[in-house]
Amino acid sequence: MSPPSSSTPAAPVSVNAVAIKNFAFAPAALKVKAGTTVTWTNQDTDAHTVTSAGSGGPLHSAALSTHATYRYKFTKPGTYHYLCTIHPFMTATVEVT
């Protein structure tokens, strides 16, 4: 058995995927490090979008059909609020550190 590598300390695996199912984003609050690409996957039969709340935000997906995905690489720290423009009650955030 080889000793553990000192160059890769044990750390929790960062989740960088959001499921869109049952008319909700799961998880509704995601924390990632800058430089992380997040992937949203629509698991509903209805179309959904991933769109920044407010003007000027970076998230602007097309309507995602069932099993379609949208990816965005977060490069700047901050809290990004987003919603589905088709179903505005669907809201969530990505916190980038």
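**Exercise 1. Find how strand 7 and strand 8 pair, and name a bridge partner.**

Start with strand 7, which covers residues 78–83. Strand 7 pairs with strand 8 in the antiparallel sense, over 6 bridges. Strands are DSSP runs of E with at least two residues, numbered from the N terminus. Two strands pair if DSSP finds at least two bridges between them. Now pick Thr79: its bridge partner in strand 8 is Glu95.

This is a predicted model: local features need pLDDT of at least 70, side-chain atom pairs count only at pLDDT 80 or more, and totals for chains, interfaces and linings use all residues. Residues are numbered from 1 along each chain as its sequence is written, and side-chain values use heavy atoms, with hydrogens and water left out.

**Exercise 2. Find what strand 3 pairs with in strand 8.**

Strand 3 spans residues 29–32, and strand 8 spans residues 91–96. The two run parallel and are joined by 4 bridges. Look at Ala29: Thr93 in strand 8 stands opposite. In general, strands of a sheet pair through backbone hydrogen bonds, either parallel or antiparallel.

**Exercise 3. List the elements of the chain.**

Count the helices first: there are 0. Then count the strands: there are 8. From the N terminus on, the order is β-β-β-β-β-β-β-β.

**Exercise 4. Work out the order of the open sheet and its edges.**

The open sheet has 4 strands, in the order 2-1-4-6, with mixed pairing. Its edge strands are strand 2 (24–26) and strand 6 (69–74), each pairing on one side only. From one strand to the next, the twist averages 20°. That angle is taken between N-to-C directions of axes fitted to C-alpha atoms, on a scale from 0 to 180 degrees.

Next, take strand 1, residues 17–21. Strand 1 runs antiparallel to strand 2, with 3 bridges. Ile20 stands opposite Phe25 in strand 2. These two strands form a hairpin with 2 residues between them. In the turn, Asn22 has a positive phi of about 55°.

Finally, turn to strand 4, residues 36–42. Strand 1 and strand 4 run parallel, joined by 4 bridges. Ala17 has Thr39 as its bridge partner in strand 4.

**Exercise 5. Classify the ring pair of Phe25 and Tyr82.**

The structure holds 7 aromatic pairs. Rings of Phe, Tyr and Trp (its six-membered ring) pair if their centres lie within 6.5 Å; planes under 30 degrees apart count as stacked, over 60 as edge-to-face, the rest as tilted. The centres of Phe25 and Tyr82 are 4.8 Å apart and the planes stand at 70°, so the pair is edge-to-face. Phe25 lies in strand 2 and Tyr82 in strand 7, 57 residues apart. Both Phe25 and Tyr82 are buried. Buried means under 20% relative accessible area, exposed over 50%, partly exposed in between (1.4 Å probe, protein chains only). Both rings belong to one aromatic cluster, which also includes Trp40 and Tyr70.

**Exercise 6. Describe the chain as a whole.**

Of the 97 residues, 33% are buried. Among contacts (heavy atoms within 4.5 Å) with a separation of 6 or more, 48% join residues 24 or more positions apart.
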